[in-house]
Amino acid sequence: MKAFILGLLGVAIMAGIARAEEMDAMWGESTVKLRAENAERGELFDEGNYAMFIHWGLYSQLANQVDGKTYYGIGEWIMDPKMADIPAEEYKRLAGTFNPTDFDAKAIAQLAKDAGMKYIVITAKHHDGFAMYHSKACDFNIVDSTPWKTDPMKELSAACREAGLGFGFYYSHSQDWTFPGGRKGPTEDENGKPATFDDYFTKKCLPQVEELTTQYGPIELIWFDTPGGMPKERVQQLVDIVRKNQPKALVSGRAGHNLGDYQTLGDMEVPHHNVEGMWESVDTTNDSWAYAWYDQRWKTPKQILHRLVSCVGRGGTYMLNIGPTDTGAVPERAARSLRDAGEWIRRNPQVVYGTDASPWQHAMPWGDVTVRGDRIFLSVFDWPESGKLFLPGLKTEIDSAHLLVNGKPVAINHESVGDWKIFKVPHVAPERLVSVIEIDLVGSPEVDPTFGIDPNNGTEILAEFATATGAKIVKHRWMEKFGEWVCVYPATRWEAGGKAVWEVDVLTPGDYDVRLTYSGEGRLVWGVDVVGGEHIQNQQNASHNYQEFPIGWLNFPAPGKYKVAVSCLEGNIESSRLKSIRLIPLEAYEETSRRVATLSR
């Protein structure tokens, strides 16, 4: 197979050179080589699609361990009563031993650039109230209160400008746990007098935002957070300061009162539907935003790329966090994953930068789709060993299709069966992480977004894409550990006769193995129907967490579109939560079973 791929490369080498030059001309100055100083307002956000978040502060020194006890969760909240419950004055004394001599601004900027990111946003002040820059408004800052006596924000802003990256600040504008009057902060000042939110706002918040927007050069973005009960007029004052001092800067949606420039989704949330307008997903390289000594659950390069392409495919921007240690060093495992993912982006920039959302409005079983004009890019995370890749619902005629091998285009054949496009591909993926098929269309992509049941491995369809009657699609969000969020949209609150219904497109008729992922209590009876056709039902156990359970086989007698309905029939139906249905062609199911049996011998 390697010889086959090398042969294809040899045949395509001249075409590859011409194609690479064409790509350089198309993507070069507008996206790949876009420098921050040349960008218009919001251009790095809207066109770059990928950024670095940094959570770093006094909390990094504790690394989730206080008095020998480890607290599991997001480290920047270590002061909170739900974590270590550290009194403000005790926490402030930590500054006397904070000495991050390993901090290297140029190395961090280079890491972001190597990762393929277009700007950096760093915590200037988190909820703990400690300023990670030299603030004249409050001496609880990294220059006046630590032995290091250095302003890392000046170094990092300069390093970003030198590297051609945008630069921005995170600022907790409502919560301040150590300054009198800040939300969740001391209620009395140093003289024992009652302190109000206005005291905090006028004495600290307002002047610090003024400092950040005037002393660090051009700012790409100000990322306010947790507005809580902050009055709209106070938020407006902060936005006005940003507009006055940094007219090219964006304001995050978490400023509050709909005064931001774009929407920020929930922490660690990557959407499954396309989202209208400008938006971002914020995520982290492991489980905690700030450095936690125990947290070695790092995202792999492939996971990073999957979440990045998913965000871009849904129409948004992905901002991925690192948490430097107490010394200021970036954990090597995080850096390694970022660089490996960045090397893939360097070879495939057109997939990520300056692209639009997938017209299918959802992911595919094998990966996802991004679009630029009349060209679409298939990012294939799960490579089909069958030698065929199936793309359902594409109505627009294909002009040409190329598999990108080491960044070089190799022509591949395809055929059409109705609106299904079937691409003949090598049996072995040409890329270690993600393989890309680039398709030129004769016009803008017109698609039918109906979920196609993939003939290779089947298709999982989330409940949030269903039409529910006698049941509700709700947001179910919870924390695995403190601050580690998970979000799904299950069908729940079932009533007698309730149904969740999806439309599906079947290319290969026959029997399909049906599996449901759900949570609940006790044993539940589920029914699954091809509307107007076969009905099956089965009883399975349930768990408090979501697990996949087999229900049985269901038959689709001919190619075409069908409606599939799921009902919760018996048991504690009201509290059961259906996350998804998976339909697997029997042939693929049997092949998977054979592989599992072989591996278990």
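I count two strands as paired if DSSP finds at least two bridges between them. The model I am reading is predicted.

**Entry 1: β9 and β10.** I looked up strand β9 (residues 279-284) and strand β10 (residues 317-322). They run parallel and are joined by five bridges. I checked Glu280 next. Its bridge partner in β10 is Thr317.

**Entry 2: the open sheet.** I then traced the sheet that holds these strands. Eight strands make up this open sheet, with parallel pairing, in the order β7-β6-β5-β4-β1-β10-β9-β8. Each edge strand, β7 (250-251) and β8 (263-264), has a single partner, so one side of each lacks a neighbour in the sheet.

**Entry 3: β28.** I moved on to strand β28 (residues 524-530). Seven of its seven residues are buried. I noted the faces separately. One side carries Leu524, Trp526, Val528 and Val530, the other Val525, Gly527 and Asp529, and all are buried. Side chains in a regular strand alternate between the two faces of the sheet.

**Entry 4: partners of β28.** I found six antiparallel bridges from β28 to β29. Val528 stands opposite Ile536 there. The two strands form a hairpin with four residues between them, and Gly532 in the turn has a positive phi of about 85°. Six bridges also link β28 to strand β31 (residues 560-570), again antiparallel. In that pairing I see Val530 opposite Val564.

**Entry 5: Gln540.** Which strand holds Gln540? I place Gln540 in β29 (residues 535-540). A polar atom of the Gln540 side chain lies 2.6 Å from the backbone oxygen of Pro550. Leaving out residues up to four places away in sequence, I list contacts of Gln540 with Tyr518, Gly522, Arg523, Leu524, Phe549, Pro550 and Ile551.

Terms used
Residues are numbered from 1 along each chain as its sequence is written. This is a predicted model: local features need pLDDT of at least 70, side-chain atom pairs count only at pLDDT 80 or more; totals for chains, interfaces and linings use all residues. Side-chain values use heavy atoms; hydrogens and water are left out. A polar contact is a pair of N or O atoms within 3.5 Å; within protein, one must be able to donate a hydrogen and the other to accept it, and residues adjacent in sequence count only if both atoms are side-chain atoms. Contact means heavy atoms within 4.5 Å. Buried means under 20% relative accessible area, exposed over 50%, partly exposed in between (1.4 Å probe, protein chains only).
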